[in-house]
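Welcome, and please open your viewer.

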Amino acid sequence: MGLTIKGTGMYVPDVIADNDDFAKIVDTSDEWITTRTGIKTRHITNGELAFQMGAEAARMAIKDAGIEVEDVDMVLGTTVTADCLTPSMACLVAKEIGIEDAVCMDLNAACAGYVFALDIAQKYLECGDCKTVLIVSSEIVTRMVDYTDRSTCVLFGDGAAATVVTKGDGLYSSVIKSSPQGADKIFTKLPVPENPFKTGTADWGDERMNDAPTGFMQMQGNDVYKFATTAMPQAVEAAAEKAGISLEEIDLIIPHQANIRIVQTAMKRLKMPKEKCYVNIQDYGNISSACIPLGLCQLKEQGQLKKGDKICVVGFGAGLTYGAAIFEW
Ligand code: ACO
């Protein structure tokens, strides 16, 4: 069984920081950021919360799908930067847009979150437990950015995107995977709670993790780079094989937007022309799980998607997670 992306929506904050703005706060330059990452600007929250951005994107997607809020029977939130530890962002979005009764839950697969959500949505649609799934991907990645660390702060932005997903007849396949031995390559620690009874100290079983400050993203950029340039092509190949199609039959790839060089290397390894790859990293930076659905929404708005197009979405992220999904538009 395939799936139909019935509606798409997005929201980004008005505040935009360009590379020159970063050169004023850390030792960096537009030239370094542009050539090493492809990023020019990123949108940054001006107080909007992740669930509020998600709700805006969700309203747009529901309107675009031509359905009513009551039709949604599952809300899948994807985020690593939710506003609350509990309840889930999905519950907060559902409350905000007026949903009375639906399965609401978040999944945390970092930047691969949207691909993981598609995989889960398709399975719920196929088994018949749900008929209309609203995937809401909303991230305030700047929430965990250390603005004194030039190697990470320039990379990330904030924003949200949503898609309404229903059953479809077309081709579908998805492959989701994790390499948890790389879980220490990207992490953001929460503080260990103090309490009146505690006498011990937390041991993360890893010196680097023990020493890392809480609240800020820590990343071994080079290792993540190597992982991503291998994992993304592997995932696309596996999804194409599962779908029973060749790579040449894929009309469009929407990859996670972490670094233009990662995207270009992955496309080269797949021997696919760069014209088949959608890139918007120059405008938004890395918005974690929101990158891919935001790309889908933009492409739809621009009228660039044709019925029957075979679209491949592919992502990787902290965990380390990765995966790809192929579906027909
Ligand atoms: N401006 C100027 N110089 C910088 C900057 C900067 N913003 N950042 C790092 N540098 C310096 C470094 O300090 C280093 O200097 P040194 O040689 O004097 O030590 C030099 O540039 C080279 O640093 P590298 O880390 O080797 O640079 P690289 O070319 O690998 O680019 C980058 C770094 C952009 C982080 C790259 O490794 C990358 O994109 N990795 C993947 C990141 C990623 O995909 N993360 C996704 C995770 S997000 C998630 O899951 C939520």
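The tour goes from the domains to a pocket, then to a helix, a loop residue and some charged pairs.

Before you start, note that this is a predicted model, in which local features need pLDDT of at least 70 and side-chain atom pairs count only at pLDDT 80 or more, while totals for chains, interfaces and linings use all residues. Residues are numbered from 1 along each chain as its sequence is written, and side-chain values use heavy atoms, with hydrogens and water left out.

**Stop 1: the two domains**

Colour residues 2–168 as domain 1, and residues 173–183 together with 215–328 as domain 2. These bounds come from an automatic or database domain assignment. The C-alpha centres of domain 1 and domain 2 lie 16 Å apart. Where they touch, domain 1 gives 49 residues to the contact and domain 2 gives 44 residues; contact here means heavy atoms within 4.5 Å.

**Stop 2: a pocket between them**

Now select Gly2, Leu3, Thr4, Ile5, Gly168, Asp169, Gly170, Leu171, Lys307, Gly308, Glu328 and Trp329, which line the second largest pocket. A pocket is an open set of points on a 1 Å grid over the protein atoms alone, where a 1.4 Å probe fits and protein lies on both sides within 12 Å along at least five of seven lines; lining residues have an atom within 4 Å of a point. Its volume is about 220 Å³, counted as the space filled by probe spheres set on the points, which are joined across faces, edges and corners.

Where does the second largest pocket lie? Both domain 1 and domain 2 give residues to its lining, so it lies between them. Strand E1 (residues 2–11) supplies the largest share of the lining, four residues. Strands (E, at least two residues) and helices (H or I, at least four) are DSSP runs, numbered from the N terminus. By class, the lining has four nonpolar, five polar and three charged residues. In this scheme Ala, Val, Leu, Ile, Met, Phe, Trp, Tyr, Cys and Pro are nonpolar, Asp, Glu, Lys and Arg are charged, and the others, Gly among them, are polar.

**Stop 3**

Select residues 291–301 to see helix H11. Nine of its 11 residues are buried, so H11 is largely enclosed by the rest of the structure. Buried means under 20% relative accessible area, exposed over 50%, and partly exposed in between (1.4 Å probe, protein chains only). Among the buried residues are Cys291, Pro293 and Leu296. After H11 comes Gly303, with a positive phi near 70°.

Next, pick Asn286 in the loop between helix H10 (281–284) and H11. Asn286 is buried, at 5% relative accessible area. Leaving aside residues up to four places away in sequence, Asn286 touches several residues, including Cys111, Phe156, His256 and Cys291.

**Stop 4: charged pairs**

Side chains of opposite charge can pair when their charged atoms come close. A search of the whole structure finds 11 salt bridges, each a side-chain nitrogen of Lys or Arg within 4 Å of a carboxyl oxygen of Asp or Glu.

- Lys24 and Asp21: the closest N and O atoms are 3.7 Å apart. Lys24 is exposed at 68%, whereas Asp21 is partly exposed at 31%.
- Lys198 and Glu194: the closest N and O atoms are 3.1 Å apart. Lys198 is partly exposed at 32%, and Glu194 is exposed at 66%.
- Glu275 and Lys274: the closest N and O atoms are 4.0 Å apart. Glu275 is exposed at 63%, and Lys274 is exposed at 62%.
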